[in-house]
Amino acid sequence: MKQIFLTIVALCMTCQAIQAQQKIADTNSLTLGRQWQQDYVQTIRGFVEENKKISCEEKISYIRQIMAKFIETTESEQKRELLRQIKYSCPLTISFLDSIVQNDTSEAVRRTAISCLSGLDAVTSIPFLLRHAKRSDISSREKAEVGSALIIMLDYQNGETILNQNCFSTDRKLCDICIWSYFMLGNESSKNYYRYIITHSNDSSIINCSAQRLAELGDSEMAFPVLEKMLQSNKEERKSGAIRGLQVIGDEKSIQLIKKMQRDIDPVVRKRARNTLEEMDIKTDEVNE
């Protein structure tokens with residue numbers, strides 16, 4: 001009887017140890033993933049803040065030249081390239097971009113103008129953009145661009161609402177906007193979007209990207225099987241992306257998979273695996289390249 005009791009105690013202690021290790025892994029996963037997510041937010045906002053430092057008054061002549069060329073140009077791609085040169089935040093440039101969003105007949109040009117407004121932190125345009133997103137004659141992609149712009153300008157509430165209304169689709173071009181906009185948002189809506197893509201999309205690159213972002217936001221359960229499958233790819237960038245995602249998860253299963261990649265046929269992947277293990281303070285294999 002005593003032996004049975006001791007066995008039960010030992011099993012309980014083992015279970016508690018496993019649970020404790022898993023909690024540590026989950027905490028580490030959330031901490032590292034959230035750090036990466038915040039780094040991404042700070043990078044995007046850094047670009048915006050740099051644009052705001054440039055004096056518009058000194059560039060008025062140049063800005064007017066761009067505006068004149070834009071009006072003379074009929075080709076959409078040339079128009080978009082001209083808009084990307086407007087990196088100076090002032091009432092003149094913002095009102096010009098607003099008018100393009102309102103009136104230009106090309107969706108691609110309008111989306112570029114919306115993106116430029118966010119890059120200039122044009123918070124005075126937010127009421128206009130909210131009205132624009134309610135138009136019935138524009139696509140979900142254009143509306144998602146508005147949602148993305150609002151999030152970049154730190155209007156998270158309205159940006160999230162617009163993304164949730166328009167992003168839940170497997171359309172590849174729409175996903176290209178929504179995946180990174182939701183990552184900047186970094187909340188439960190973001191996780192739900194990535195889960196949706198993993199469940200419904202047939203596009204492996206979009207699924208893989210969503211799995212990496214989902215892992216970084218703390219949902220290792222749904223992300224892990226996708227990351228594990230990514231390691232079987234013949235593309236270096238996919239395997240390296242999977243290693244990054246597994247590093248965030250950080251549990252024993254993930255560590256063993258990263259260790260295994262030290263023997264991958266691709267030298268870049270092997271190096272990535274070893275560097276990742278070193279970052280995790282885990283002993284690496286002695287491998288001669």
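Me: Of the 289 residues of the chain, what percentage count as buried?
Reply: In this predicted model, 48% of the 289 residues of the chain count as buried.

Me: How many helices and how many strands are there in the chain?
Reply: The chain has 15 helices and zero strands. As for its contacts, if one takes those with a separation of 6 or more, residues 24 or more positions apart account for 58% of them.

Me: How should I read a disulfide in the coordinates, and how many does the count come to?
Reply: The general idea is a distance test, in which two cysteine sulfur atoms must lie within 2.5 Å of each other. By this rule the count comes to one disulfide, formed by C167 and C178, whose sulfur atoms are 2.0 Å apart. The angle about the S-S bond is -80°, and the link of C167 and C178 is left-handed. Because C167 lies in the loop between α8 (156-166) and α9 (172-185), whereas C178 is in helix α9, the pair ties together parts that are 11 residues apart in sequence. Both C167 and C178 are buried.

Me: Is K239 buried or exposed, and which side chain does K239 join in a polar contact?
Reply: A residue is called buried when its relative accessible area is under 20%. K239, which lies in helix α13 (residues 236-249), has 4% relative accessibility and therefore counts as buried. The side chains of K239 and D264 are joined by a polar contact of 3.0 Å. If residues up to four places away in sequence are not counted, K239 touches M230, L231, S233, M261, D264, D266 and V269.

Me: How do I read a pocket, and about how much space lies in the largest pocket?
Reply: The general idea is that rolling a probe the size of a water molecule over the atoms shows where empty space is left. Here the largest pocket holds about 510 Å³ of space. It is lined by 22 residues, of which S115, S118, E145, S148 and I152 are the closest to its centre. The elements that give two or more residues to this lining are α1 (2-53), α3 (76-84), α5 (107-119), α7 (140-152) and α9. By residue class, the lining of the largest pocket divides into 10 nonpolar, seven polar and five charged residues.

Me: Where is D281 placed, and is D281 buried or exposed?
Reply: D281 is in the segment after α15 (267-279), and D281 is exposed, with a relative accessible area of 72%. Its phi is near 60°, which is again a positive value in a residue other than glycine.

Terms used:
Residues are numbered from 1 along each chain as its sequence is written. This is a predicted model: local features need pLDDT of at least 70, side-chain atom pairs count only at pLDDT 80 or more; totals for chains, interfaces and linings use all residues. Side-chain values use heavy atoms; hydrogens and water are left out. Helices (H or I, at least four residues) and strands (E, at least two) are DSSP runs, numbered from the N terminus. Buried means under 20% relative accessible area, exposed over 50%, partly exposed in between (1.4 Å probe, protein chains only). A polar contact is a pair of N or O atoms within 3.5 Å; within protein, one must be able to donate a hydrogen and the other to accept it, and residues adjacent in sequence count only if both atoms are side-chain atoms. Contact means heavy atoms within 4.5 Å. On a 1 Å grid over the protein atoms alone, a cavity is a set of points where a 1.4 Å probe fits but cannot get out, and a pocket is an open set with protein on both sides within 12 Å along at least five of seven lines; lining residues have an atom within 4 Å of a point. Grid points are joined across faces, edges and corners, and a volume is the space filled by probe spheres set on the points. Ala, Val, Leu, Ile, Met, Phe, Trp, Tyr, Cys and Pro count as nonpolar, Asp, Glu, Lys and Arg as charged, and the others, Gly among them, as polar.
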